[in-house]
Amino acid sequence: MIHCRPVLLKKYAMPNVQDLTHAVINQPPEFIHTNLYDGDQALRHWVDSLGGSWGAERLSTYGQLAGGRLMELGFQANAQRPQLRSHDRFGHRMDQVEFHPAYHELMATAIAHGIPSLPWAQPGDGAQVVRAALMYLHNQVEAGTCCPLTMTFASVPALSKQPDVAEQWLPKILSKEYDSRFLPIAEKTGATIGMGMTEKQGGSDVRTNTTRATAMGPEGAGQPYALVGHKWFFSAPMCDAFLVLAQTERGVSCFLVPRFRPDGSQNAIRIQRLKDKLGDHANASGEVEFYDAWGVMVGGEGRGVPTILEMVMHTRLDCMIGSSGLMRQALSQAVHHASHRQAFGKLLCEQPLMQNVLADLALESEAAIAMTLRLASALDAAAQGDEEEAALARVMTAVGKYWICKRTPMMVNEAQECLGGAGYVEESILPRLYRQAPLNSIWEGSGNIQCLDVLRALAREAGALPAITRELGIGAAESPVLAERVEALGAALKDTQGMEVRARSLVEELAVCLQASLLVRSAPQFVADAFLAGRFGTGRVFGTLPTGLNLEALIDRARVPL
């Protein structure tokens with residue numbers, strides 16, 4: 001037998017495998033664990049300027065959550081989409097939607113902090129402003145949950161028109177407890193509200209709806225009806241009840257349709273499928289059919305559209321908030337990356353052309369949140385009986401919904417470009433922001449609907465044009481450049497020839513002039529000067545600001561520190 005001696009090999013320290021090829025350098029730190037309110041100079045400025053300074057502590061608390069825990073939850077909730085459970089394993093109808101636990105934690109946090117309830121539970125000066133700022137922070141980290149939050153918030157004015165319904169539902173809607181259990185409303189500690197208006201054949205033309213509602217006894221407001229029909233887009237089908245439009249003998253009427261009948265049995269709302277959407281992945285949207293579904297009429301018979309319109313005003317406000325929030329997060333990511341990444345011997349944020357792009361994005365973001373919070377302040381004043389502010393809100397809602405939502409996809413894409421390929425991969429938040437960006441321009445009336453709505457309001461509502469003229473005049477009095485544009489805009493609005501064809505260009509000019517008026521009278525001088533030079537100049541893409549502006553100051557104002 002041959003005995004082999006073991007060979008003793010000399011020990012060598014194995015190098016880190018990555019060190020064999022490269023060291024990881026010139027990469028920014030993660031943009032997380034920051035306070036999205038305390039670090040946002042522009043947001044704090046406009047909240048304070050428009051009556052929301054009393055909410056600073058509340059907003060700071062939510063800003064810390066949004067920049068930390070909620071940011072992490074946003075990624076988790078979007079990684080696993082909601083799942084429809086139409087039947088149990090025995091074949092019984094379930095018609096339920098299952099979510100990742102992160103979704104429920106996001107909802108619970110938002111509701112606990114009053115996002116769907118604040119202006120109704122604590123009305124007063126700045127209530128809408130503070131609530132809008134909270135929603136702005138939430139949108140930056142997870143926009144899908146904002147759909148049910150918005151509809152729950154916006155349902156209150158419509159439901160308040162029907163006292164018997166309001167008595168049962170509003171305490172649960174205004175509760176700060178999130179209750180995701182699938183139970184009758186009497187057994188729940190809190191409730192969320194969805195909406196069903198759109199049908200296959202009609203889209204925005206809800207008067208063509210075919211869903212029928214038949215009285216189960218006496219007719220009229222507050223009475224029960226049986227609904228038969230469908231909804232092509234049923235927003236947030238996991239909610240506890242839905243505001244639905246259906247035809248009666250006297251025309252389109254509004255109904256509250258709960259998931260459970262008054263006797264505790266499950267209502268006949270059949271979820272056919274969930275929509276496979278471009279974005280909004282954490283949220284569920286469905287197609288449903290009603291099989292003699294139980295609903296109670298809200299508002300007068302045949303008055304469904306007017307009843308729902310006040311809800312729509314608030315959902316359109318939230319479209320502005322949502323798009324402004326997407327802009328802000330995209331801007332924050334771009335500035336953060338450029339502040340840490342070097343190219344050709346200098347930080348990206350020190351490169352003149354990149355400074356132009358970042359400063360231009362910062363202007364767009366600040367103008368968006370300024371206009372949005374100005375609308376919120378008008379709603380606060382309108383709630384206290386100010387008719388001029390109510391008229392301003394009526395027009396500004398459609399103007400802002402059109403313009404801010406229309407600008408968001410282009411701006412988010414420009415922010416992606418600041419990161420290069422890193423902004424195109426799913427490990428970054430920017431692809432999620434980009435998929436989300438077109439939603440608000442489509443939801444609650446697309447661009448053409450908004451522009452025609454502006455023309456109708458200016459032509460038919462006595463206080464609308466004077467309110468807009470007053471708002472523009474405040475800024476025009478301080479800026480000859482703006483005054484010249486406002487005068488030309490006034491002439492264009494008086495020319496009724498081909499006005500519908502020109503509607504988009506008119507509303508665009510109106511939007512930019514309104515934003516300029518706000519910035520001229522309230523923003524720092526370097527912000528106002530840059531906006532006037534950039535938006536009334538010749539540039540058509542971001543990064544075309546003229547020379548001579550304080551680009552560094554604009555970027556510093558937009559930078560959120562870690």
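The following note sets out points on packing, aromatic contacts and backbone geometry in this structure.

1. Basis of the note. The model is predicted, so local features need pLDDT of at least 70 and side-chain atom pairs count only at pLDDT 80 or more, whereas totals for chains, interfaces and linings use all residues. Residues are numbered from 1 along each chain as its sequence is written, and side-chain values use heavy atoms, with hydrogens and water left out.

2. Helix 2 against helix 6. Helices (H or I, at least four residues) and strands (E, at least two) are DSSP runs, numbered from the N terminus. Helix 2 (residues 56-66) packs on helix 6 (residues 127-141) at an angle of about 5 degrees, and their axes are 9 Å apart. Axes here are lines fitted to C-alpha atoms, for helices over the stretch in contact, and angles run from 0 to 180 degrees between N-to-C directions. The two helices, helix 2 and helix 6, are therefore roughly parallel to each other. Angles under 35 degrees count as roughly parallel, over 145 as roughly antiparallel, 65 to 115 as roughly perpendicular and the rest as oblique. Helix 2 contributes Arg58, Leu59, Tyr62, Gly63 and Ala66 to the contact, and helix 6 contributes Val130, Ala133, Leu134, Leu137, His138 and Val141. Contact means heavy atoms within 4.5 Å.

3. Helix 2 against helix 3. Helix 2 also packs on helix 3 (residues 69-79), at an angle of about 45 degrees and with axes 4 Å apart. That makes helix 2 oblique to helix 3. Tyr62, Leu65 and Ala66 of helix 2 meet Arg69, Leu70 and Met71 of helix 3.

4. Helix 10. This helix (residues 352-383) has 32 residues and reaches 47 Å from its first C-alpha to its last, close to the 46 Å expected at 1.5 Å a residue. The expected span is 1.5 Å times one less than the number of residues. Helix 10 is mostly covered, with 27 of its 32 residues buried. Buried means under 20% relative accessible area, exposed over 50%, and partly exposed in between (1.4 Å probe, protein chains only). Gly385, whose phi is positive, near 100 degrees, follows helix 10.

5. Gln355. This residue is found in helix 10 and is buried, with a relative accessible area of 10%. Leaving aside neighbours within four places in sequence, Gln355 is in contact with Cys349, Glu350, Leu551, Glu552 and Ile555.

6. Aromatic pairs. The structure holds six aromatic pairs. In one of them, Phe234 and Phe242 have ring centres 4.3 Å apart and planes at 40 degrees, so the pair is tilted. Rings of Phe, Tyr and Trp (its six-membered ring) pair if their centres lie within 6.5 Å; planes under 30 degrees apart count as stacked, over 60 as edge-to-face and the rest as tilted. Both Phe234 and Phe242 are buried, and together with Phe290 they form one aromatic cluster.

7. Charges over rings. The charged end of Arg131 sits over the ring of Phe153, 3.6 Å from its centre, and Lys275 lies over the face of Phe233, at 4.5 Å from the ring centre. The criterion is NZ of Lys or CZ of Arg within 6 Å of the ring centre and within 35 degrees of the ring normal.

8. Asp95, in strand 2 (residues 93-98), has a positive phi near 50 degrees and is buried, with a relative accessible area of 0%. Glu444, in the loop between helix 13 (439-442) and helix 14 (447-460), has a positive phi near 60 degrees and counts as buried at 9% relative accessibility.
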